[in-house]
Amino acid sequence: MHGLINRAIERFIRDTYGRDIWLKIVQSLDLGLTEFEAMMTYDEAITHQVLDRAAEVLERPRHDLLEDIGTYLVSHPNVEALRRLLRFGGMTFEEFLHSLDDLPERARLAVSDLQLPRLELRGHTRASYSLVVQAGQKDIGEFGYVMMGLLRTMADDYGALVYLEHKGGRNGTEIIAVELLETAFADGRNFSLGAGVAG
């Protein structure tokens with residue numbers, strides 16, 4: 001597993017619950033480390049162990065924890081760069097949705113060896129979509145739930161009102177139902193192409 005993924009889990013727990021909780025999780029697993037290096041590669045089993053132990057310590061279902069990680073990745077000030085990368089996908093939430101197919105490739109432009117699940121948006125009506133998340137063998141455990149948190153937060157970012165439902169999955173493929181209820185439900189967050197001036 002790419003260290004960036006493990007590092008993102010670590011940062012989420014430390015920024016949300018504190019360093020002491022993070023240390024309690026990793027030290028109880030006896031991994032021989034207290035933090036992950038972003039550019040290293042780790043056994044995928046370690047990622048599963050950390051997520052499972054975090055769910056136990058925090059007394060949260062693993063799916064909820066993964067969704068919270070998705071929210072964190074596009075809302076916390078420490079990871080503002082990812083939000084900016086995603087906002088380049090379009091001026092509206094609908095345009096952003098259509099840009100998701102290209103997200104794994106855009107991520108590889110920044111980090112060449114980062115393998116994200118394949119994303120495919122399928123349109124059913126003008127306001128109804130399915131997002132197919134195909135992780136295959138590179139699954140950190142229900143990556144679709146991370147996408148749920150990310151999508152929900154980005155919808156708020158654009159000021160759109162959406163209904164999301166994780167429809168389940170198997171064999172490394174998950175389906176997320178996306179209903180775009182209103183495109184201009186609220187004022188979205190400001191966004192500028194110039195770094196450091198996003199509101």
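**Salt bridges in a predicted model**

Glu-67 counts as buried, at 17% relative accessibility (buried means under 20% relative accessible area, exposed over 50%, and partly exposed in between, with a 1.4 Å probe and protein chains only). This is a predicted model, in which local features need pLDDT of at least 70 and side-chain atom pairs count only at pLDDT 80 or more, while totals for chains, interfaces and linings use all residues. Residues are numbered from 1 along each chain as its sequence is written, and side-chain values use heavy atoms, leaving out hydrogens and water.

**The overall count**
- Side chains of opposite charge can pair when their charged atoms come close.
- A search of the whole structure finds 13 salt bridges (a side-chain nitrogen of Lys or Arg within 4 Å of a carboxyl oxygen of Asp or Glu).

**Links between helices**
- Glu-67 forms a salt bridge with Arg-152 (2.1 Å, N to O).
- Glu-67 lies in helix α4 (residues 62–73) and Arg-152 in helix α8 (residues 143–158), so this pair ties together parts 85 residues apart in sequence (helices are DSSP runs of H or I, at least four residues, numbered from the N terminus).
- Arg-152 is partly exposed, at 32%.
- Asp-157 and Arg-83 also meet in a salt bridge (3.0 Å, N to O).
- Asp-157 lies in helix α8 and Arg-83 in helix α5 (residues 80–87), so the pair ties together parts 74 residues apart in sequence.
- Asp-157 is buried at 3%, and Arg-83 is buried at 0%.

**A network**
- Salt bridges with shared partners join Arg-7, Glu-10, Arg-14 and Glu-35 into one network.

Conventions. Helix = DSSP H or I, 4+ residues; strand = E, 2+ residues; numbered from the N terminus.
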